[in-house]
Amino acid sequence: MASEGKQTPRNNQSRGVSSLVGRALELSGRTVQIRLEPSYWEGLDEICRREDLTVDEVCADVKERMEQQIRRSRSGSRGSGQPGVSLANALRVFVVGYYRQAATERGHARAGHGRGDPFVSTPFDSVPATTDS
């Protein structure tokens, strides 16, 4: 099962951009160090909790799927194919893709989106969404 660490509610997430945080993952019997922004680790932890998987399991699956895509693109082209993408970048794309698929109009409305301020309810929102000003 996913790590049992304390989960931070979305509306209490830290504001702004933070430095990269490294974690050691066990992938295919090897320890691999991955560095992501804290918000991506939080998102990945939440995905793992929701899907009842460990971070190692999800990351190993993302790595395998990324490698399959690279192999397919190389076999379908005349050249050597595009250079590989880092696992950290693939994890970022995965996390964003997961949440984009889950986003609904109702959820966007609840978050205050669609009113000309795309930063509301994000880490870049300088005024908390619940403040009446």
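I started in helix α3 (residues 87-102), where F94 and Y98 are four residues apart and so separated by about one helical turn. For my own reference, helices (H or I, at least four residues) and strands (E, at least two) are DSSP runs, numbered from the N terminus.

A note on the source before going on. This is a predicted model, in which local features need pLDDT of at least 70 and side-chain atom pairs count only at pLDDT 80 or more, while totals for chains, interfaces and linings use all residues. Residues are numbered from 1 along each chain as its sequence is written, and side-chain values use heavy atoms, with hydrogens and water left out.

**Entry 1: aromatic rings**

How many aromatic pairs does the structure hold? I found two. The rule I used is that rings of Phe, Tyr and Trp (its six-membered ring) pair if their centres lie within 6.5 Å; planes under 30 degrees apart are stacked, over 60 edge-to-face, and the rest tilted. F94 and Y98 make a tilted pair, with 6.2 Å between centres and 50 degrees between planes. Y98 also pairs with Y99: their centres are 5.4 Å apart and their planes stand at 80 degrees, so this pair is edge-to-face. I therefore noted F94, Y98 and Y99 together as one aromatic cluster.

The scale here is buried under 20% relative accessible area, exposed over 50%, and partly exposed in between (1.4 Å probe, protein chains only).

**Entry 2: R92**

I looked next at R92, which lies over the face of Y40, 5.9 Å from the ring centre. A charge sits over a ring if NZ of Lys or CZ of Arg is within 6 Å of the ring centre and within 35 degrees of the ring normal.

R92 also forms a salt bridge with E37, with the closest N and O atoms 3.0 Å apart. R92 is in helix α3 and E37 in the loop between β2 (30-36) and α1 (38-51), so this pair ties together parts that are 55 residues apart in sequence. R92 counts as buried at 17% relative accessibility, whereas E37 is partly exposed at 22%.

**Entry 3: other salt bridges**

The structure holds six salt bridges, each a side-chain nitrogen of Lys or Arg within 4 Å of a carboxyl oxygen of Asp or Glu. Among them is E46 with R50, whose closest N and O atoms are 3.0 Å apart. These two are four residues apart in helix α1, about one helical turn. E46 is buried at 13%, and R50 is partly exposed at 48%.

D61 and R65 form another, at 3.0 Å from N to O. Both lie in helix α2 (residues 55-75), four residues apart, about one turn. D61 is partly exposed at 36%, while R65 is exposed at 52%.

**Entry 4: helix α1**

α1 has 14 residues and reaches 20 Å from first C-alpha to last, close to the expected 20 Å; the expected span is 1.5 Å times one less than the number of residues. Its buried residues are W41, G43, L44, D45, E46, I47 and C48. What do the buried residues of α1 pack against? They pack against β1 (21-27), β2, α2 and α3, where contact means heavy atoms within 4.5 Å. Just after α1, D52 takes a positive phi of about 55 degrees.

**Entry 5: N89**

Last, I checked N89, which sits in helix α3 and is partly exposed at 39% relative accessible area. N89 and I34 are 55 residues apart along the chain, with 9.9 Å between their C-alpha atoms.
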